[in-house]
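The sequence and structure come first, followed by the findings.

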Amino acid sequence: DNPNFKTRLGVPCIAIDLGKLDCDQFGLLGMTDQEVQELKDNCPCACNTDINCGEDEEEKEEARGTKPSPLLKGTADDSNTIHEANIDETEKAPATSEPT
């Protein structure tokens with residue numbers, strides 16, 4: 001998919017793909033047949049018009065040019081682990097004992 005393409009309505013390929021939108025239905029939104037064809041030509045994976053686009057999410061990301069860098073893979077999990085590992089014991093709520 002062309003990452004720089006947007007329809008006349010301002011909709012990029014990625015939004016069509018993530019929203020599971022039917023490209024043929026854009027005609028109902030006022031786009032001409034020619035504009036719908038231009039959409040299909042620029043967003044073949046999102047519009048499911050290219051048999052070479054994989055169903056695998058990683059293949060789709062690669063085809064549309066949005067595959068994350070391997071350097072960023074797992075960053076969220078790693079940062080959570082780092083954050084949890086750096087919690088100072090004094091930050092934890094102290095145990096309270098009830099008087100007897």
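## Salt bridge between Glu35 and Arg8

A salt bridge brings together the side chains of Glu35 and Arg8, at 2.7 Å from N to O. The pair connects distant parts of the chain, since Glu35 belongs to helix α2 and Arg8 to the segment before α1, 27 residues apart. The model is a predicted one.

The partners fall into separate accessibility classes. Glu35 has a relative accessible area of 19%, and the limit for a buried residue is under 20%, so Glu35 counts as buried. Arg8, at 53% relative accessibility, is exposed, because the exposed class begins over 50%.

## Salt bridge between Asp24 and Lys40

The count of salt bridges comes to two. In the other pair, the side chains of Asp24 and Lys40 meet with an N to O distance of 2.4 Å. Asp24 sits in the loop between α1 and α2, while Lys40 is part of helix α2, so this bridge ties together parts 16 residues apart in sequence.

Asp24 is partly exposed, with a relative accessible area of 47%. Lys40 is among the buried residues of α2. In general, side chains of opposite charge can pair when their charged atoms come close.

## Buried residues of helix α2

Which residues of α2 are buried? They are Glu35, Val36, Leu39, Lys40 and Asn42. Glu35 takes part in the bridge to Arg8, and Lys40 takes part in the bridge to Asp24.

Against which element do the buried residues of α2 pack? They pack against α1.

## Disulfide pattern

How many disulfides does the structure hold? There are three. With bonded cysteines counted along the chain, the disulfides follow the pattern 1-3, 2-5, 4-6.

## Cys13 and Cys43

Cys13 is joined to Cys43 by a disulfide with an S to S distance of 1.8 Å. Cys13 lies in helix α1, which spans residues 13-18, and Cys43 lies in the loop between α2 (33-42) and α3 (57-64), so the bond ties together parts that are 30 residues apart in sequence.

The torsion about this S-S bond is about -70 degrees, so the disulfide is left-handed. Cys13 is buried at 4% relative accessibility, and Cys43 is buried with a relative accessible area of 0%.

## Cys23 and Cys47

The sulfur atoms of Cys23 and Cys47 are 1.9 Å apart and form a disulfide. This pair also links distant parts of the chain: Cys23 is in the loop between α1 and α2, and Cys47 is in the loop between α2 and α3, 24 residues away.

About the S-S bond of Cys23 and Cys47 the torsion is about -80 degrees, so this disulfide is left-handed. Both Cys23 and Cys47 are buried.

## Cys45 and Cys53

A disulfide also connects Cys45 with Cys53, at 1.8 Å from S to S. What is the handedness of the link of Cys45 and Cys53? With -65 degrees about the S-S bond, the link is left-handed.

Cys45 has 5% relative accessibility and counts as buried. Cys53, at 13% relative accessibility, counts as buried.

Methods. Residues numbered from 1 in each chain as written. Predicted model: local features only at pLDDT ≥ 70, side-chain atom pairs only at ≥ 80, totals over all residues. Heavy atoms only, no water. Disulfide = S-S within 2.5 Å. Helix = DSSP H or I, 4+ residues; strand = E, 2+ residues; numbered from the N terminus. Buried < 20%, exposed > 50% of the residue type's maximum accessible area, 1.4 Å probe, protein only. Contact = heavy atoms within 4.5 Å. Salt bridge = Lys/Arg side-chain N within 4 Å of Asp/Glu carboxyl O.
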